[in-house]
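Here are my notes for a colleague who has not seen this structure before. Please read them with the model open.

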Amino acid sequence: MTSRPLLAVALVSVLAGGACTRASATLPATAPTSAATRPAAESSPAAHSTLARRLDPAPVLPRGTFIARSRTPWLTIWRGPSTDAGTLWGFPARNPVGQTLEFLVAKSVRDRKGNPWLQILLPIRPNGAAGWVRMRAVTVERIQQRIIVDLSDKTLRYYRNGYLQRDFSVGIGRPETPTALGTFYVWAQVPQASPSGPYGVFALGLSGFSPVLKDWPGGGRMAIHGTANIGDRGQMVSHGCVRVFNDDMVDLRRVPLGTPVVIKP
């Protein structure tokens, strides 16, 4: 964060959620047979098919990176991939700027009945908070973009379809206000009124937060944003945000919501 002004939005604070693991399927016990025992009738093909689906269910999603968009204004978040796990809360489907949230999908499983569930990363504290949603409650889309921020060499690399599109030298957090590590995603696209302002020409609000700044506008939410100061390149100068020189930030204007942002040490 470069200064105390907010990223032109008012941010909401909510409680963090947890996640559960998939329940394992087990084979039913079989009774021993003998010559004097009458053979049981063979089970039907439909029964075999049902058992096969339970033991080796088809994957919920193919290989790749996916984002989920709620079908309704409020998305029900569950504690685990089962209605027996209980709900955490109803999560708003739009950010405070009015944009439809694209949640990054972390995992997909089926419950004991074969119903598909998705674990999604939530744009709240603590970083890495996740919850489960029924797949039928969302629309799912593959995303081909990815941003990698490498703190050791102070670079930002933007990929599309697996190919490097842009490679920038950037400013990162100071030692006392470091840029958080982890996997996040683009939570908001925020145009700025003045290129010379604290957030430059444009800002991409992220799902993650500063590890040290909590009493801060927006709760310390991180961003990738512009800067008019070319001297910020390659320096530890921010309050945790990633500063991109304005001429470079223009190339990131169309990075879609939900784009994964991996910040490496």
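1. Confidence. pLDDT is the predictor's confidence in each residue, from 0 to 100. It matters here, as this is a predicted model. The protein averages a pLDDT of 84, and 79% of its residues score at least 70. Two stretches call for care. Residues 1-43 have a pLDDT below 50, yet this stretch makes 79 contacts in the model beyond near neighbours in sequence. Residues 47-53 are also below 50, and there the number of such contacts is 2. Where pLDDT is low, the predicted coordinates should not be read in detail.

2. Overall make-up. Which secondary structure does the protein contain? The count is 2 helices and 17 strands. The protein has 265 residues, and 43% of them count as buried. Among contacts with a separation of 6 or more, 65% link residues 24 or more positions apart.

3. The open sheet. Take the sheet of 8 strands next. Its order is S10-S9-S8-S17-S12-S13-S14-S16, the sheet is open, and the pairing is mixed. Strand S10 (163-169) and strand S16 (242-245) are the edges, and each pairs on one side only. From one strand to the next, the twist averages 25°.

4. Strand S9 covers residues 155-160 and runs antiparallel to S10, with 6 bridges joining the two. Within this pair, Tyr158 stands opposite Arg166 in S10. The loop between S9 and S10 holds Asn161. The phi of Asn161 is positive, near 55°, although this residue is not a glycine. Asn161 counts as partly exposed, at 47% relative accessibility.

5. Lys154 lies between strand S8 (145-150) and S9. Lys154 also has a positive phi, about 55°, and is not a glycine. Is Lys154 buried or exposed? Its relative accessible area is 19%, and the cut-off for buried is under 20%, so Lys154 counts as buried. These phi values deserve a second look because most residues other than glycine have a negative phi.

6. A cis peptide. The bond joining Arg125 and Pro126 is cis, with omega about -5°. Pro126 sits in the loop between S5 and S6. The bond is worth checking because most peptide bonds are trans.

7. Strand S1 and its partners. S1 is mostly covered, with 4 of its 5 residues buried. S1 runs antiparallel to strand S7 (residues 138-142), and 5 bridges join them. In that pair, Ser70 stands opposite Val138 in S7. S1 also pairs with S4 in the antiparallel sense, over 2 bridges. There, Ala68 is placed opposite Phe103 in S4.

8. The largest nonpolar core. Which members of this core touch the most other members? They are Ile77, Phe103, Leu118 and Ile120, out of 30 residues in the core. At least two core residues come from each of strand S1 (66-70), strand S2 (74-78), strand S3 (87-92), strand S4 (103-110), strand S5 (116-121), strand S6 (130-134) and strand S12 (182-191). The largest share, 4 residues, comes from S12.

9. Phe103 in detail. Leaving aside residues up to four places away in sequence, Phe103 touches Phe66, Ile67 and Ala68, among others. Its contacts also include Leu75, Phe91, Pro92, Ile120 and Tyr185.

10. Ser238. Which strand holds Ser238? It is strand S15 (residues 236-238). Ser238 counts as buried, at 0% relative accessibility. Its side chain has two polar contacts to examine. A polar atom of the Ser238 side chain lies 3.0 Å from the backbone nitrogen of Gly240. The side chain of Ser238 also reaches the backbone oxygen of Cys241, at 2.6 Å.

Methods
Residues numbered from 1 in each chain as written. Predicted model: local features only at pLDDT ≥ 70, side-chain atom pairs only at ≥ 80, totals over all residues. Heavy atoms only, no water. Pairing = 2+ DSSP bridges. Axes fitted to C-alpha atoms, helices over the stretch in contact; angles between N-to-C directions. Core = buried A, V, L, I, M, F, W, Y, C linked by side-chain atoms within 4.5 Å. Buried < 20%, exposed > 50% of the residue type's maximum accessible area, 1.4 Å probe, protein only. Contact = heavy atoms within 4.5 Å. Polar contact = N/O pair within 3.5 Å; in protein donor to acceptor, adjacent residues only side chain to side chain.
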